[in-house]
Amino acid sequence: VVPTTRLAKARTCNTQNRRPDIAIASLLIGGKHVLSSTWYSWDVSASRSRDINRSAGQANFDSTLSDSTCQYDPASTKSIYRPQFTPSCFAEAYDPTTMALNHVQIGHGKSAQLNLQIAGAMAKRYHIGSRLANIEIGGRFRNEHKFDDTFNDTFTPNGTILQSDFRNGFTNGNYYNNSYKLGYNPNYQIVRDFLLANPGAFAKDSSLGIDPSNYDLVEKVGAGYLMNSIDFSSKVRVVAGVRFETTNLKTISFDSTTNTLSDKATGSYLKVLPSVSLRYAFTGNTNLRLAYGRGISRPDPQDIAQAVTFTTNSSPGSQKNTATLGNPSLKAETADNFDVLVEHYLNPFGIISAGYFYKRLTDPIVTESFVLQNFQPSPIAPVGTYTVTQPINAGSAWISGFEAAYLQHLTFLPGKLSGLGLSANYSYTASAAKGLPGRSDHPRLLRNAPSTWNISPTYDRGRFSIRAGLSYNQANIAFYSFQDGTPTKDGTPSEITAGGLKGPFGDGYFYSHLQVDAQGSIRLKRGFTFVMYGLNLTNEVFGFYQGNSQYMIQREYYGPTIAAGFRWSPSFEK
């Protein structure tokens, strides 16, 4: 049950059921045959996954009060992330006798995916004069069929059904670290059972058996490659190759004019993806690597299939409606990658590396967010003001950066200290997207944090193995705003910066995130090992903000996860 309550003129509450019913199965058969100067490999695989929608559901309640005295309380607010309100807010919103059931949704159908794949490759070692070389050729074919036929039936009460008619199903005495009181929370299952026991008390709003997010997609991908490597000397090794990928796509999505799953689209394309790399060994422990390669990233199937999802606030005049639209015109994203890397191996075990990378992107897939008024995302959705997100192709983009890594077991230290070790890496990136609709600036790429780093001290000695980890991601853009210069509430335009659009109507950002994890194990007798780990030990916040961190969209805390157990390996010990 996930209860939410909005303290505002339009007071609403919803309770949801989130108990996913998911199944995944896969089968792989393959082999590799190694001969004196050649090898052959092959594999055949099939996999299927499905998610049943019957576990989904939601019940919405609206206030029956005609007015509200609820006010923001600045004197009691100690943190901008935890605003406080006057007592009347909670008295009004948390009174179950003034909250009436607006509608109940019950989920049906399922989404599923079936992948069939076959692959094969062979390689032969040969000589060009005195130089050792290796040639490799291979191919792969995959047929992917994915569909979504889930839909929700919506039931509206014929009369007034109060929230107080259902018992409180959840309490929490320390809600949001005592920043707020937790209101009245009826369990969704109880509301659903009442609906099924009293069908005459409700009107069924929809019997279409179809949803705008439904689609059927078949994607066939064939690929072949040829690669050759040559050792020109003990210091120089060159690997070059080319890969051909062909894609054939057929989709059926929702047609809003006929309210049927009948909007068909097809497309196919061929991509040629060359690559070459050079390794030069300065010494036996120090190498320079230069590499170029072209890659491809295909759109998500549901984005191509023009799937539509939406959520609405049932209160009249609300602007909390959201919609997500697919884009059947999405193209595959391609990238030209250039890398320079220097690495030095440490004795007896360790490595130091540093490198520079540059990527030139064509048709990068990004997500934009914009507001549409008098918009109806589907025939079963109300007309209103919606905040809409949609994947699109930007004109082009680039990303470049520096990265460094260090890994070493400090076995040279005396005694028990010889079990210590350290793993660390750092990267800094710069990026820009060009050709965003409605934008004259060149913001950073989505989910591209300027600075990221990881530090992990380790200890491995005898029966003990211990690791701790600190991982950091700097704030980065989650979605783009629709246009620059969007007015703020006080009439001033949003600020355009080199990194993105700031201000309360700017780009959506992930908060910066510093997470601390730890794990350890102790080998016991007779093949038993005691294992214990802790995740997110500092209860780091996860969430989004709009433009600047003070314009919060949502903040989520999940608390630490602690687990312990025993692992048994059927091996013989002395």
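Phe542 is partly exposed, with a relative accessible area of 31%; partly exposed covers the range between buried (under 20% relative accessible area) and exposed (over 50%), computed with a 1.4 Å probe on protein chains only. The structure is a predicted model, in which local features need pLDDT of at least 70, side-chain atom pairs count only at pLDDT 80 or more, and totals for chains, interfaces and linings use all residues. Residues are numbered from 1 along each chain as its sequence is written, and side-chain values use heavy atoms, with hydrogens and water left out. Helices (H or I, at least four residues) and strands (E, at least two) are DSSP runs numbered from the N terminus.

**Aromatic pairs**

- A search of the whole structure finds 20 aromatic pairs; rings of Phe, Tyr and Trp (its six-membered ring) pair if their centres lie within 6.5 Å, and planes under 30 degrees apart count as stacked, over 60 as edge-to-face and the rest as tilted.
- One of these pairs is formed by Tyr176 and Tyr557, which is edge-to-face because the ring centres are 5.7 Å apart and the planes stand at 85°.
- This pair links distant parts of the chain, 381 residues apart: Tyr176 is in the loop between strand E9 (151–157) and helix H2 (188–197), and Tyr557 is in the loop between strand E30 (552–556) and strand E31 (561–568).
- Tyr176 is partly exposed at a relative accessible area of 23%, and Tyr557 is also partly exposed, at 30%.
- Phe510 and Phe542 form a tilted pair, since their ring centres are 6.1 Å apart and their planes are at 45°.
- Because Phe510 belongs to strand E26 (residues 508–510) and Phe542 to strand E29, the pair ties together parts that are 32 residues apart in sequence.
- Phe510 is buried, with a relative accessible area of 11%, whereas Phe542 is partly exposed.
- One aromatic cluster consists of Phe61, Phe166, Phe194 and Phe202.

**Charges over rings**

- The charged end of Lys32 sits over the ring of Trp39, 4.5 Å from its centre; the criterion is that NZ of Lys or CZ of Arg is within 6 Å of the ring centre and within 35 degrees of the ring normal.
- Arg555 lies over the face of Tyr81, at 3.9 Å from the ring centre.

**Strands E3 and E4**

- Strand E3 (residues 21–34) lies largely in the open, because the number of buried residues among its 14 is zero.
- Strands E3 and E4 (residues 38–52) run antiparallel and are joined by 14 bridges; two strands pair if DSSP finds at least two bridges between them.
- Ala23 has Arg50 in E4 as its bridge partner.

**Backbone exceptions**

- Most residues other than glycine have a negative phi, and most peptide bonds are trans.
- The peptide bond from Asn347 to Pro348 is cis, with omega near 0°, and Pro348 is found in the loop between strand E17 (333–346) and strand E18 (350–362).
- Arg447 is a residue other than glycine with a positive phi, near 55°; Arg447 is in the loop between strand E22 (420–434) and strand E23 (451–461).
- Arg447 counts as exposed, at 63% relative accessibility.
- Asn539 has a positive phi of about 50° although it is not a glycine, and its place is in the loop between strand E28 (528–535) and strand E29 (542–546).
- At 24% relative accessibility, Asn539 counts as partly exposed.
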